[in-house]
Amino acid sequence: MSLKSLFERMNERVQDPSVEIGNLLLEQEETRPPEKLRAMIQHLIPRDALFATFLLKCRFIKNHPDVQTAGVNIQNGKINFYYNEAFISKFPPEVLMFIIAHEFYHIARLHLDRAARRKLRNDLYNVAGDMIINENILSELKSVAGLALKMPGGEDAGLRIDKGYAKKVKDSKLWTTEGLYKHLEKDQKKKQKGQPKPPSKKDLMVQGRVVRIGDDDKYGVIEKVNKDGTYKTKPISKAEAKKRVKPA
Ligand SMILES: [Zn+2]
């Protein structure tokens, strides 16, 4: 269906309430939206043409193994809207509409193209995109078609704009997903640097430690560690070694 004919039929629907929305949705056959989203489309058609059109142009794909919540991508010029049935089914319309707006913004802001074109890490770019989208919905969009939008799990559920980035870029109009991505990446590298290194084999060789000698079932306790890393052991029985080794 072309966008023009879709708009014509939508107008028809607004002027003549007897025109059945079901006819529009039936044309999408096996990728038809689930009942809950169909009800949302019916609510949106006379009230918000932008989001109604977005949903009418999507192919809905249920329970994809990689999608535990909801997600979108574009394949062969068509928008795929992935959703987990259990995830979608538990929410009231205000939360459902938040999810729809969130997915719409990923498409409208070309997030997938931008990450691919710049060869950025998809996972981190997605986090940055999610943060900016969620913040924008809650602070600017706020409501759609009479529904006051609510974030799944509540406003403190996470993936809000990173406070360090917000401080750095004081004007929210200047927030960019790329800018936030760089900030998050830097932050992540810093955290990794500060983490203690796993102990080396040499660090583990300390007095009193139980060691296995060679490949045999022989054990010993380290008595003395030399400067070059070699050590002297006192032999002990297997039973004694077992007793001395504490579970990690
Ligand atoms: Zn997202």
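Leaving aside neighbours within four places in sequence, Ile100 is in contact with Met40, Phe51 and Leu55, two residues being in contact if their C-beta atoms, placed from the backbone, lie within 7 Å. The model is a predicted one, in which local features need pLDDT of at least 70 and side-chain atom pairs count only at pLDDT 80 or more, whereas totals for chains, interfaces and linings use all residues. Residues are numbered from 1 along each chain as its sequence is written.

Ile100 also belongs to the largest nonpolar core, which comprises 36 residues; Ile41, Phe51, Leu55, Met97, Ile100 and Ala101 touch the most other members. Such a core is a set of buried Ala, Val, Leu, Ile, Met, Phe, Trp, Tyr and Cys residues joined through C-beta atoms within 7 Å. Two or more residues each are given to this core by helix 3 (35-44), helix 4 (49-56), strand 3 (78-83), helix 6 (93-108), helix 8 (122-141) and helix 10 (177-194). Helices (H or I, at least four residues) and strands (E, at least two) are DSSP runs, numbered from the N terminus. Helix 6 gives the most to the core, with seven residues.

The axes of helix 4 and helix 6 come within 11 Å and cross at roughly 75 degrees; axes are lines fitted to C-alpha atoms, for helices over the stretch in contact, and angles run from 0 to 180 degrees between N-to-C directions. Helix 4 is therefore roughly perpendicular to helix 6, a term applied to angles of 65 to 115 degrees. Phe51, Phe54 and Leu55 of helix 4 and Ile100, Ala101 and Phe104 of helix 6 make the contact.

Helix 6 also lies across strand 2 and strand 3, running at about 30 degrees to strand 2. An open sheet of three strands has the order 1-3-2, with mixed pairing; strands pair if DSSP finds at least two bridges between them. Its edge strands, each pairing on one side only, are strand 1 (58-62) and strand 2 (70-75). Strand 1 and strand 3 run parallel and are joined by five bridges. The bridge partner of Phe60 is Phe81 in strand 3.

In helix 10 is found Leu180, which is buried, with 25 other C-beta atoms within 10 Å; a residue is buried if 20 or more such atoms lie within 10 Å of its own, exposed if 12 or fewer, and partly exposed in between. Not counting residues up to four places away in sequence, Leu180 touches Ala128, Met131, Ile132, Asp162, Tyr165 and Trp175. The C-alpha atoms of Leu180 and Ala166, 14 residues apart along the chain, are separated by 8.8 Å.

Technical notes:
Parallel < 35°, antiparallel > 145°, perpendicular 65-115°, else oblique.
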